Amino acid sequence: MPAASLGDHDRAIIRSHFSADEGLTWRPSTTVLEDPAASLMQPSLTRRADGALGLTYSRLLDHQTASKHFTWSTDEGKTWNKAVQVSHGECAYMTGAHDRLLTLKSGRLLALLHGKVLIGP
């Protein structure tokens with residue numbers, strides 16, 4: 001019998017799948033990001049103005065603690081730089097349920113986030 005599911009808080013990793021022939025065939029998937037202490041989910045990918053790939057994702061620790069992180073790749077996703085936390089401060093649970101990472105015409109990146117404010121003791 002399978003273990004009880006924790007839903008969004010089951011351990012999740014981010015994997016990539018590449019096709020070199022416009023989707024007719026696919027290479028085996030590879031792990032991009034994993035964290036044994038958290039569930040990584042809701043990845044969003046954009047091409048930065050400098051040509052690098054930008055990636056945001058949510059890091060969920062529990063039902064009250066989550067954050068948004070950003071990493072980038074300059075070699076078409078073969079390797080990724082150390083991620084930096086994008087969300088800071090006001091809420092312990094700040095992420096983006098329907099991720100969007102945009103590269104604006106100016107070259108700036110825009111990541112839309114939302115936070116959960118806990119009410120009561």
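S16 counts as buried, at 12% relative accessibility, where buried means under 20% relative accessible area, exposed over 50% and partly exposed in between (1.4 Å probe, protein chains only). The structure is a predicted model, so local features need pLDDT of at least 70 and side-chain atom pairs count only at pLDDT 80 or more, while totals for chains, interfaces and linings use all residues. Residues are numbered from 1 along each chain as its sequence is written, and side-chain values use heavy atoms, with hydrogens and water left out.

S16 sits in strand β1 (residues 14-16); strands (E, at least two residues) and helices (H or I, at least four) are DSSP runs, numbered from the N terminus. Setting aside residues up to four places away in sequence, S16 touches S29, T30 and V32, contact being heavy atoms within 4.5 Å.

Another serine, S73, belongs to strand β5 (residues 65-73) and is buried, at 1% relative accessibility. Beyond its neighbours within four places in sequence, S73 is in contact with A52, L53, K78, T79, W80 and N81. A polar atom of the S73 side chain also lies 2.8 Å from the backbone nitrogen of G77.

Then there are the aromatic rings. A pair of them is described by the distance of the centres and the angle of the planes. Rings of Phe, Tyr and Trp (its six-membered ring) pair if their centres lie within 6.5 Å, and planes under 30 degrees apart count as stacked, over 60 as edge-to-face and the rest as tilted. By this rule there is 1 aromatic pair. The pair is stacked because the rings of F70 and W72 have their centres 5.9 Å apart and their planes at 20°. F70 is buried, with a relative accessible area of 11%, whereas W72 is partly exposed, at 25%.

Two glutamates turn up with positive phi. For E22, phi is near 60°; E22 is in the loop between β1 and β2 (30-33) and is exposed, with a relative accessible area of 83%. For E76, phi is about 60°, although E76 is not a glycine. E76 is in the loop between β5 and β6 (84-85) and counts as partly exposed, at 44% relative accessibility.

Finally, the surface. L102, L104, L110 and L112 make a nonpolar patch of about 310 Å². One of these leucines, L102, is found in strand β8 (residues 101-103) and is partly exposed, with a relative accessible area of 38%. Patches are made of residues with over 30% relative accessible area and no salt bridge, with like charges joined within 9 Å and nonpolar side chains (Val, Leu, Ile, Met, Phe, Trp, Tyr) within 5 Å. A salt bridge is a side-chain nitrogen of Lys or Arg within 4 Å of a carboxyl oxygen of Asp or Glu.

Conventions
Accessible areas come from the Shrake-Rupley method with a 1.4 Å probe; for residues, only the protein chains shown count as cover. A polar contact is a pair of N or O atoms within 3.5 Å; within protein, one must be able to donate a hydrogen and the other to accept it, and residues adjacent in sequence count only if both atoms are side-chain atoms.
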